[in-house]
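Colleague: I have a model open and would like to go through it with you. Can you start with the terms and then the contents?

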Amino acid sequence: MPTRQRRGESAWAAPLMRSASAGAAFRPNRLLKPIVVLGLGVATSGFAAAAIAQTPVAPAASPVAQSGPPSPATPRETPRSGPAKPGDPLAAIDWLATPAPDAGLPGTVLLEPPVAGSARRPEVTVTPLASLVAPIGLVKPASTGLPVDLWRGSNAEALATLLASVPVRKSPAMQSLMFTLLLSETRPPVEGGERLLLARLDRLMDLGAPDPAQALAEQAGPTRSKARFKRWFDATLLTGDEQQACSALQDRPHLAPDYASRIFCAARLGDWPTAALLLEAAHALDLVDSRQLDLLDRFLNPDVFEDAPPLRAPKSPDPLTFRLYETIGERRPTSNLPRAFAAADLRDIAGWKAQLEAAERLTRIGALNPNHLLGLYTERSPAASGGIWDRVAALQRFETALETGSAEAVSKTLPKVWRAMQTAQIETAFADLFADQLARIPLDGQAANLAWRIRLLAPTYETASHSPPPSQGRSAFVAAVAQGVPTQELARNGVEQAIAAAFAADSAAPRKLQRLLDNGQLGESILRAMQLFAQGADGNLGDLTDALATFRAVGLEDTARRAALQLLLLDHR
């Protein structure tokens, strides 16, 4: 039986310094320190003559230097060697003005070879800057099959636009591929890496996956920028883990998305005086919208507003507003809110019906593990009839029939539960859960045909393709697609012909996508192929062929086959 699950799976190098050895020869490129002469207010500095290196300077007689003109009582220690010539510079020490005795003396001799000639040339290793950036992702490349440099060579802004706009709602195979791209451990481009990370977080939230968005933000470092923190904070509000974000905000208040979040976090951490003070400041300075101020007032002072009428519900609340309504006991339904809000209904504080509806909604887009849905479906007996309760009852009866192993019981319950799954548009999740068990039940007639179609929607589609039922009219082409060898001879309509063309031996990616592949822009080429597939599924058969051919060209054979099978078997899509 499928495993039930109540929660989703969720400097540079230091400069080298060379010191001079003791007793090293005089280097002419060193400046002499200023010399202060006692009794004179004159200091000399500059490059020394060669004689200075050999003649020691006598220490000063007194530690205190006198200012003003020289005293007549001060004797000269060394007689002037000759009269001074007009225009000659004055010298504080007479022998400094004495010319060199022999102009033929050799100049300064270096006792070591020049540095440039004696230094060993280091071996230079060139490392691309992109390889120094740490990869970010929740799934290792070994598991996804995608390289760590998936986004290499592409413009980050173009990638962000594609991640936000590629449609995946109609194809479970495209949903799975999108989640793989978003969660795979990849290295961002050298330029625009932050923009790409934010786009990944935003698309995860759009798909209704705040748990992975929270984990991805935490791995990347949610407090490194205000934009990252906002997305992390919003995700934790919907998963119920806002304590972590509020603790981080308390240490770094400059990261607060708005003033209301500081008030909420102060109260959430038990610092009610600070929360009250911030709220009074917000009132006085108009720092928060009036509607949110009313909500915060009720949040901090529930006893004052105990008998007050409910507040008017906002049409498009942000995660903080949604949680504030929840804390004051006026929880809002999530059915008309963005998908990410449905994750909040998976917590135990929501009723069973709300949990079931949220689970179906998230399973429909591929954001929830089917085992979680199965656990909710079989948690208890239906409370009523009609709508979602009929689906719960149908699935429970079918599961009971499977447990008995009776082919007759399965034949009776399978068509009804399949219609229920079609109504909820969660057929692939149902196939993932029960395909293996259906393969072990000896069915015949229409039940056998239906079971075979269901098995083709499961990951084990290729195994099922080798044992088609004899009465299945379209079995030949569908089985050939599952095996990756459909031909034009088997195709019966335009869609099948477009699919067969993509699997032909001479098929190749279209020229515009091949150029991206030649430049190493693998991630961008996959996203653009996903765009083509969406257009092909809507009727542009040329784009359908190009998309499937591109998937096969980059090694996504399983994605190409499953996408084609789903297009053929999920008629309502």
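Modeller: Buried means under 20% relative accessible area, exposed means over 50%, and partly exposed is in between (1.4 Å probe, protein chains only). Buried residues make up 42% of the 573 residues in the protein. This is a predicted model, where local features need pLDDT of at least 70 and side-chain atom pairs count only at pLDDT 80 or more, while totals for chains, interfaces and linings use all residues. Residues are numbered from 1 along each chain as its sequence is written, and side-chain values use heavy atoms, with hydrogens and water left out.

Colleague: How many helices and strands are there?

Modeller: The protein has 26 helices and two strands. Helices (H or I, at least four residues) and strands (E, at least two) are DSSP runs, numbered from the N terminus.

Colleague: Which residues have the most contacts inside the largest nonpolar core?

Modeller: Leu414, Phe430, Leu527, Met530, Leu548 and Phe551, in a core of 150 residues. A nonpolar core is a set of buried Ala, Val, Leu, Ile, Met, Phe, Trp, Tyr and Cys residues joined through side-chain atoms within 4.5 Å.

Colleague: And what does Phe430 touch?

Modeller: Not counting residues up to four places away in sequence, Phe430 touches Leu395, Phe398, Leu414, Val417, Trp418, Met421 and Ile454. Contact here means heavy atoms within 4.5 Å.

Colleague: Switching to cysteines, how many disulfides?

Modeller: One disulfide, counted as a pair of cysteine sulfur atoms within 2.5 Å. Cys246 and Cys265 form it, with their sulfur atoms 2.2 Å apart. The pair links distant parts of the chain, with Cys246 in helix α8 (residues 242-251) and Cys265 in helix α9 (residues 259-268), 19 residues apart.

Colleague: Are those two cysteines buried or exposed?

Modeller: Cys246 is buried at a relative accessible area of 0%, and Cys265 is buried at 3%. The link of Cys246 and Cys265 is left-handed, with -65° about the S-S bond.

Colleague: What about charges: how many salt bridges?

Modeller: A search of the whole structure finds 22 salt bridges. The rule is a side-chain nitrogen of Lys or Arg within 4 Å of a carboxyl oxygen of Asp or Glu.

Colleague: Which helices do Arg268 and Glu242 sit in?

Modeller: Their side chains meet in a salt bridge (2.8 Å, N to O). Arg268 is in helix α9 and Glu242 in helix α8, 26 residues apart. Arg268 is partly exposed, with 34% relative accessible area, whereas Glu242 is buried at 2%.

Colleague: And Arg391 with Glu360, how far apart are the closest N and O atoms?

Modeller: In that salt bridge they are 2.8 Å apart. Arg391 belongs to helix α16 (residues 388-404) and Glu360 to helix α14 (residues 352-364), 31 residues apart. Both Arg391 and Glu360 are buried.

Colleague: Last one, Arg561. Where is that found, and is it buried or exposed?

Modeller: Arg561 is in helix α26 (residues 557-569) and counts as buried at 12% relative accessibility. Leaving aside neighbours within four places in sequence, Arg561 is in contact with residues including Tyr461, Glu462, Val481 and Phe503.
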